[in-house]
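Please open the structure in the viewer and keep the sequence at hand. The stops below are to be selected in turn.

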Amino acid sequence: MDSLWSKSVSFKRRAALEGDIKVNTAVIGGGIAGLLTAYRLREKGIDAVVLEARGICGGQTKNTTAKITSQHGILYSKIETGYGRAAAKHYAAVNQKAISDYERIISEKNISCHFERKKAVLYTLHDKEKLFKERDAARQAGIDCGVTDKTELPFPVKAALVFENQAQFNPLEFLLPISQELRIYEDTPVIKIVGNRIITDRGTVTARNIVFACHYPFVNFPGLYFLRMSQERSYVVSTEWNGNLEGMYIDAGNGLSFRTYENQLLIGGGAHRTGEAPENDPFEMLVKKGKMLFPEFNETARWSAQDCITLDGIPYIGEFSCAFKNVYVATGFNKWGMTSSMAAASIISDKICGKGDHRYWVFSPSRFSPIAGAKNFCTNTKETIKGFAKRLETADITAEGVRNGEARVVRYNGKKAGAYRDENGKLYVVTLKCPHLKCELNWNETTKTWDCPCHGSRYDYKGDLLDNPAQSISILIN
């Protein structure tokens, strides 16, 4: 399931680390957040390396819908309620600057990446009052926006909140020339951090500063990020389309999103918590909706992505923990990874260079507001308890009872396990204990993966790791 971006761009493989090195800053993670952080540090004259466990841009970066916008759903009104009007204003300013930073770099480097200024439109089919409330909060935060009931969409809406002068692009076309200027080591998974030393199976990197930009930080203590984030999956299909949209559209609920790219229309939706298998195939739902709305629908690609969701909807960007000196983190982008990655690169590179900015406190990982995050904290705790409790349930069949193309929880060598038999009859058996914190994995039929409902680690049916925070490469039994 390759995205449109993956089909248009490929990266030359980089060598793995060989031996021990010393560097000012080591960035863990070769997605857009890590690459941009290293690039912004390079702009400031700081020596930085990127350590990537597999290949650069091989994770969520290639699966984004690639909207660069300060419009992040119903958020400004929530920030205002939880942290005050000044916090909402700071959040808006940093994200608006991120859009301009993209445009500046693209212009300076003469990068051809389909960058276009577009409107970002948040629409609702039901409750229009929440859009008026969000409009008022966004305007107070300094955003140029307004509400209308008329859109380009092929169905009526109750209301639509329009942010002017936002943007979209092809992220891999943007990152290809950016990455060529950076010192990157691929196939170099980080095993652990000891003080200012990063231990890999390829050698040790001693760094004055360390940046976790690896989607989900795999260090559990200190920081406790596993208690403060969940993960969600979402899905996209594309179709050939001769039309054009002046805006990028997303439902204020859990509905559909739309954007165009060349002669393609991207339709997104079907989001659900990782580890909770959807009742119906999200891809087929999107195809069905696409055919209803666009009679000429002709699928050209389908892909899915995973996003870290924070308690209050604001990313964690800044010092990893007060117990970790000179260690930084960029995570919890809440499905807005393109803008948040540039914001993170600016914030962290400034901090490493000793430059303070009063606006950055709203992103601080150490912030806390019981108003903003209590409900989601309770939900995450409940799901974690459920994940542990499932381990007490027993399996009622053996692996021999699994049919071709089917996955089941089975008894295997006297223990509970997960089994999948492919269409050719080959059986794959995995442990159901996620190596991260031992929650029990669930099967996702749509993606043919074993997913952790507690913290979002994912494995393919062969047992190979797809998404962190787990670090184990494989959980295959046989």
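H8 has 16 residues and reaches 21 Å from its first C-alpha to its last, close to the 22 Å expected at 1.5 Å a residue. The expected span of a helix is 1.5 Å times one less than its number of residues. In H8, 15 of the 16 residues are buried, so the helix is largely enclosed by the rest of the structure. Buried means under 20% relative accessible area, exposed over 50%, and partly exposed in between (1.4 Å probe, protein chains only). After H8 comes Gly 354, with a positive phi near 80°.

The model is predicted: local features need pLDDT of at least 70, side-chain atom pairs count only at pLDDT 80 or more, and totals for chains, interfaces and linings use all residues. Residues are numbered from 1 along each chain as its sequence is written, and side-chain values use heavy atoms, with hydrogens and water left out.

Next, select helix H5, residues 129–140. Its twelve residues should span 16 Å at 1.5 Å a residue, and the end C-alpha atoms are 17 Å apart, which agrees. Which residues of H5 are buried? They are Leu 131, Glu 134, Arg 135, Ala 137 and Ala 138. Their cover includes helix H3 (76–83) and the strands S4 (116–124), S5 (145–148) and S6 (159–168); contact means heavy atoms within 4.5 Å. Just after H5, Gly 142 takes a positive phi of about 100°.

Two packed helices are described by the angle between their axes and the distance between the axes. Axes are lines fitted to C-alpha atoms, for helices over the stretch in contact, and angles run from 0 to 180 degrees between N-to-C directions. On the H3 side, Tyr 76, Ile 79, Glu 80 and Tyr 83 meet Arg 85, Ala 87, Ala 88, Tyr 91 and Ala 92 of H4. By class, this contact of H3 with H4 has seven nonpolar, no polar and two charged residues. Ala, Val, Leu, Ile, Met, Phe, Trp, Tyr, Cys and Pro count as nonpolar, Asp, Glu, Lys and Arg as charged, and the others, Gly among them, as polar.

Move to helices H2 (residues 32–43) and H6 (residues 171–180), which pack at an angle of about 45° with their axes 10 Å apart. That makes H2 oblique to H6. Ile 32, Leu 35, Leu 36 and Tyr 39 of H2 make the contact with Phe 174, Leu 175, Ile 178 and Ser 179 of H6. The contact of H2 with H6 has seven nonpolar, one polar and no charged residues.

Two single residues complete the tour. Select Ile 193 in strand S8, residues 190–194. Is Ile 193 buried or exposed? At 18% relative accessibility, it counts as buried. Not counting residues up to four places away in sequence, Ile 193 touches Ile 28, Ile 198, Ile 210, Phe 212 and Val 219. The C-alpha atoms of Ile 193 and Ile 210 are separated by 9.3 Å, and the two are 17 residues apart along the chain.

Finally, select Ser 234 in strand S11, residues 229–240. Ser 234 counts as buried at 17% relative accessibility.

Terms used: Helix = DSSP H or I, 4+ residues; strand = E, 2+ residues; numbered from the N terminus. Parallel < 35°, antiparallel > 145°, perpendicular 65-115°, else oblique.
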